[in-house]
Amino acid sequence: MNAVLPPSAAASAGGADLVLWVAVPYICLAVFAVGHVWRYRQDQFGWTSRTTQLLEHRWLRWGSPLFHLGAFMVIAGHVVGLAVPDSWTEAVGISEHAYHTTAVWAGSAAGVAMVAGLGMLCARRLLTRRIRLGTDRSDKLLFPLLSATVLLGITATAAHNVFGPGYDYRATVSVWFRGLFVLQPQPGAIAGAPLLFQLHALTACLLFAAWPFTRLVHVWSAPIGYLARPYLVYRRRAAPAAAPTAGGRTSPASDARRAA
């Protein structure tokens with residue numbers, strides 16, 4: 001099924017829909033782009049994830065891999081679901097039923113892993129006093145916003161596509177998303193979507209606006225160069241000779257060298 005809305009659906013958007021689904025997304029995308037340029041020019045030394053591994057590592061050992069693996073899978077699913085029209089997947093032999101079945105169960109597994117990892121990371125930050133005291137203002141904004149975005153997305157999927165009758169977001173939300181990037185916004189495409197999907201989209205826009213000013217910038221600093229970097233060779237340094245003591249006697253190592 002080709003996800004194309006009739007002209008009346010796009011034209012029926014009111015003033016509030018234009019603000020929510022056209023003005024807000026474009027403002028957030030502009031802040032996302034300009035903010036990264038500003039951050040790189042003004043705060044290159046702060047372009048880091050600000051790791052706290054030395055302060056606590058037991059929660060981090062499990063929470064970080066779960067969160068990052070789940071996040072990569074969720075992002076990949078969103079790229080396919082939002083950026084790729086359903087006509088393209090059908091053209092390569094993937095039926096709509098097969099796509100939605102795979103997307104729901106694979107996305108649910110990825111979402112559970114991401115939520116579990118994020119919960120561990122938030123718990124260690126709240127329960128470990130040294131980490132909690134080192135939490136800056138950007139983290140206090142990032143963690144609630146990221147948690148809200150993830151939980152709204154999982155709740156929307158569970159409510160409508162796991163336990164509910166099913167909702168084809170590729171015919172509405174995906175059309176609105178692609179329209180933003182080709183400068184043909186269709187606010188009417190998402191205006192009729194369920195509330196959970198709308199809230200998920202709005203929090204995602206706000207997350208993109210906050211991205212350049214938080215630790216999320218470390219996503220663009222993946223150490224790919226390390227894959228081609230030559231190995232570093234470490235050699236043990238020889239022990240320095242012992243200095244004479246106050247009584248004029250030298251250490252045993254010094255006596256053995258003198259006898260030789």
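**View 1. Phe 32, Phe 208, Trp 211 and Trp 220 form one aromatic cluster.** The model is predicted: local features need pLDDT of at least 70, side-chain atom pairs count only at pLDDT 80 or more, and totals for chains, interfaces and linings use all residues. Residues are numbered from 1 along each chain as its sequence is written, and side-chain values use heavy atoms, with hydrogens and water left out. The structure holds nine aromatic pairs. Rings of Phe, Tyr and Trp (its six-membered ring) pair if their centres lie within 6.5 Å.

**View 2. Phe 32 and Phe 208 form an edge-to-face aromatic pair.** The centres are 5.4 Å apart, with 65 degrees between the planes. Planes over 60 degrees apart count as edge-to-face, under 30 as stacked and the rest as tilted. Phe 32 sits in helix α2 (residues 15-42) and Phe 208 in helix α10 (residues 195-210). The pair links distant parts of the chain, 176 residues apart. Helices are DSSP runs (H or I, at least four residues), numbered from the N terminus. Phe 32 counts as buried, at 17% relative accessibility. Phe 208 counts as partly exposed, at 35%. Buried means under 20% relative accessible area, exposed over 50%, and partly exposed in between (1.4 Å probe, protein chains only).

**View 3. Tyr 167 and Phe 197 form a tilted aromatic pair.** Their ring centres are 5.1 Å apart, and the planes make 40 degrees. Tyr 167 lies in the loop between α7 and α8 (173-181), and Phe 197 in helix α10, so the pair ties together parts 30 residues apart in sequence. Tyr 167 is buried, with a relative accessible area of 17%. Phe 197 is buried too, at 10%.

**View 4. Helix α5 (residues 96-127) packs with helix α7 (residues 137-162).** The angle is about 150 degrees, and the axes are 10 Å apart. That makes α5 roughly antiparallel to α7. Angles over 145 degrees count as roughly antiparallel, under 35 as roughly parallel, 65 to 115 as roughly perpendicular and the rest as oblique. Axes are lines fitted to C-alpha atoms, for helices over the stretch in contact, and angles run from 0 to 180 degrees between N-to-C directions. The contact (heavy atoms within 4.5 Å) includes Val 104 and Leu 118 of α5, and Phe 143 and Ile 154 of α7. Its residues divide into 12 nonpolar, four polar and two charged. Ala, Val, Leu, Ile, Met, Phe, Trp, Tyr, Cys and Pro count as nonpolar, Asp, Glu, Lys and Arg as charged, and the others, Gly among them, as polar.

Terms used:
Helix = DSSP H or I, 4+ residues; strand = E, 2+ residues; numbered from the N terminus.
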